[in-house]
Amino acid sequence: MHPQLPQASHARRRPPVRVWLQPFLIGLVIVSAFVSCYIGLQRDPQPHRLPVAVAGPRLASQVQAALGDAIDVRPTGSSDQARDAVRHRDVVAALGAERHGKDLSLDVASANGVSTTTAVKAIVTAYAHGAGRHVTVSDVVPLDRYDSRGLAGFYVSFGVTLSGFVLAQNVLGLSKLLHLRHRFTLVTVFSAASGLVAAAIAGPVLGAVPAPYLPLAFVLALLAAAAAFTTKLLGTYFGPVGVPMATLLLLTVGNSTSGATVGPDLLPGVARSVSALLPPGAAVRAVADVSYFDGAHVLAPLATLTLWAVGAALLLAARTHRAAQDALPTAGSAVSSA
């Protein structure tokens, strides 16, 4: 009696093209961005105004004229002042002349990263060779023995970012089950726990990150909060597309431009500009500062992490409050109609 019923039922079960196309395109965008960022940024790193302290005005002018924009010469009055600038992370290297004036001494900090240290040594060695001078290299801020490649700070930051990202994905699914303050409490407590656990493993347990335990845990807790609240914010405002957006922002662009695998002064212009502004890049800088440089420049990355965490939390609270206010007239109208 109803010959067309099976066909109609089959048509109703057929999903729209958008259901198939959206995850397909999102996956392609993420894999393209990931490969482009991680491989593209590392295939031809070029030094750009590497800050180098040079002792003596004569040597400073000679080096600047010979090397141009590859380094940013910071003249100092003595080799000791130049070396102190390296130890305080004001510069990546210090160059001075030996007592007899012909040979050069180069002080570097491998704690700034292998790529940065390798680049500045290559540049200065090439200059010395062209000038017919010999250069002696000393590492005044060496890496920890269990972090010979200087990547422990990157890996612990990556892991904490990933944990905050995953937590936020789960919290997005609990929006109808947990009140906003309960979700905020969950994210905050988890962020503190994530920082404490990650700092304990990377520091006292494995001995790869020589930072004091509590400062390191504080940095990582801020990073976890920044990643979690930012992911939750994007998921709340943009729906299903929000989580892939957080993947691109935090796990792809943020980690690839963090300055750990490729030093920030070796990144292309755009990547160099955003490096310190995203949570992973800020965290990598903060971990290195508290590990090797006595926290000399840790306030800026801490401020960046705090702004991401607190800013995202406030925007989430505002969105939830506005949604609740919009729902009140609808509820009132329903009562009046009844």
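The model is predicted, so local features are taken at pLDDT of at least 70 and side-chain atom pairs at pLDDT 80 or more, while totals for chains, interfaces and linings use all residues. Residues are numbered from 1 along each chain as its sequence is written, and side-chain values use heavy atoms, without hydrogens and water.

Helices (H or I, at least four residues) and strands (E, at least two) are DSSP runs numbered from the N terminus. Helix H8 (residues 213–238) packs against H11 at an angle of about 180°, with the axes 10 Å apart. Axes here are lines fitted to C-alpha atoms, for helices over the stretch in contact, and angles run from 0 to 180 degrees between N-to-C directions. H8 and H11 are therefore roughly antiparallel; angles under 35 degrees count as roughly parallel, over 145 as roughly antiparallel, 65 to 115 as roughly perpendicular and the rest as oblique. Contact, meaning heavy atoms within 4.5 Å, is made by Leu 216, Val 219, Leu 220, Leu 223 and Ala 226 of H8 and by Pro 279, Pro 280, Ala 283, Ala 286 and Val 287 of H11. By class, this contact has 10 nonpolar, no polar and no charged residues. Ala, Val, Leu, Ile, Met, Phe, Trp, Tyr, Cys and Pro count as nonpolar, Asp, Glu, Lys and Arg as charged, and the others, Gly among them, as polar.

Helix H9 (residues 242–256) also packs on H11, at an angle of about 50° and with the axes 7 Å apart. H9 and H11 are therefore oblique to each other. Leu 250, Gly 254 and Asn 255 of H9 meet Pro 279, Pro 280 and Gly 281 of H11, a contact with three nonpolar, three polar and no charged residues. Thr 252 is also in H9. Thr 252 is buried, with a relative accessible area of 1%; buried means under 20%, exposed over 50% and partly exposed in between (1.4 Å probe, protein chains only). Apart from neighbours within four places in sequence, Thr 252 is in contact with Ala 33, Phe 34, Cys 37, Tyr 38 and Thr 247.

H11 returns at the largest pocket, where it gives the most to the lining, with eight residues. On a 1 Å grid over the protein atoms alone, a pocket is an open set of points with protein on both sides within 12 Å along at least five of seven lines, a cavity is a set where a 1.4 Å probe fits but cannot get out, and lining residues have an atom within 4 Å of a point. The volume of the largest pocket is about 700 Å³. Among its 38 lining residues, Arg 89, Asn 112, Pro 264, Arg 285 and Ala 288 are the closest to the centre. By class, the lining has 21 nonpolar, 10 polar and seven charged residues.

Arg 89 lies in the loop between H4 and S3. Its phi is near 65°, a positive value in a residue other than glycine, and Arg 89 is partly exposed at 21% relative accessible area.

H4 (79–87) and S3 (93–97), together with strand S4 (104–108), each supply at least two residues to the lining of the largest cavity. That lining divides into four nonpolar, three polar and two charged residues.

How values were computed:
Points joined across faces, edges and corners; volume = space filled by probe spheres on them.
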